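Here is a short report for a reader new to this structure. Take a look at the model, then read on.

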Amino acid sequence: MKKVLILVVAIAILLPGAASAKEPSLFSIYLKDRTPENFLKAFEHYESLRADTVNYSAASVLAYLSLIELEKNLEILEENKAELKNKTMFSYGNILLELGRYDESIAIYDMLNEKSPKWSCPWRHKGEAYWKHGELASAVMALKKAIETRETHYDAYVMLADVYRDLEEYETALETLEKGLTYYGKDIEDPEEEVANIDVAFLHLDLLKKCGKKAEYDEMFEKLTKIYPDDERLK
């Protein structure tokens, strides 16, 4: 948060025509008193500048405004995490995951695993955090737990196949993916919302190639060429 403060002071000074000795900018006013009212006034002002003209300075202020509010609310969640209901805690963990703050997100998922060990989603998301953090063995463990707690958890199979591919365990990856495909549309979640069908298809194609399944590979390659003729992964 301290780094953010240094940056926002700098951006406030650099804003063209945003402030004078007599009249501080709306951004400066917000920095001194971070009320919802001051945030909205500043946001609406700089959004109008950004929308009406190609005003990149205004765009940068909007980014900083959003960042400050994000950090403020994350601090509130962190300070009160013991009081959060499971769904709110899960959302908090997912925000940290999206921000690439993997260790912090894993700590939140750990709490959820302890509180609700049979809830599959935190296991799956913890597996994603471990995977993106490069801790592949831990990712496998978490994703297997997601499948153990919900056998039809389609995107957990897909992600586990991705992790096995990174581990160069191609046969296991292919077996895992093809088992997951049997649950497509049978899980409680919309499969396309969880992982794009195109990405699953090209993962499958790659694993068929790596496993030497030439006939199946050729058939799928021809099919994907017709559906996605311009995709770089076909070259």
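## Ground rules

Contact means heavy atoms within 4.5 Å. This is a predicted model: local features need pLDDT of at least 70, side-chain atom pairs count only at pLDDT 80 or more, and totals for chains, interfaces and linings use all residues. Residues are numbered from 1 along each chain as its sequence is written, and side-chain values use heavy atoms, with hydrogens and water left out.

## Arg150 and its neighbours

By the contact rule, Arg150 touches Ser120, Cys121, Asp187, Ile188 and Glu189, leaving aside residues up to four places away in sequence. Arg150 sits in the loop between α8 (136–149) and α9 (154–166). Helices (H or I, at least four residues) and strands (E, at least two) are DSSP runs, numbered from the N terminus.

Is Arg150 buried or exposed? Its relative accessibility is 13%, so Arg150 counts as buried. Buried means under 20% relative accessible area, exposed over 50%, and partly exposed in between (1.4 Å probe, protein chains only). The side chains of Arg150 and Glu189 are joined by a polar contact of 3.1 Å. Such a contact is a pair of N or O atoms within 3.5 Å; within protein, one must be able to donate a hydrogen and the other to accept it, and residues adjacent in sequence count only if both atoms are side-chain atoms.

## Helix α3

Helix α3 has 17 residues, which at 1.5 Å a residue should span 24 Å. The expected span is 1.5 Å times one less than the number of residues. The end C-alpha atoms of α3 are 24 Å apart, which agrees.

Asn38, Phe39, Ala42 and Tyr46 are buried in α3. They cover an arc of only 100 degrees around the axis, so they lie on the same side of α3. The arc is that of the directions from the helix axis to the C-beta atoms. The buried residues of α3 pack against α2 and α4 (56–79). The face turned away from the buried side of α3 carries exposed residues, among them Pro36, Glu37 and Lys41.

## Aromatic rings

The structure holds nine aromatic pairs. Rings of Phe, Tyr and Trp (its six-membered ring) pair if their centres lie within 6.5 Å; planes under 30 degrees apart count as stacked, over 60 as edge-to-face and the rest as tilted. The Phe27 and Tyr46 rings have centres 6.5 Å apart and planes at 85 degrees, so this pair is edge-to-face. Phe27 belongs to helix α2 (residues 26–32) and Tyr46 to helix α3 (residues 36–52), 19 residues apart.

Ring pairs also link Tyr30, Phe39 and Phe43 into a cluster.
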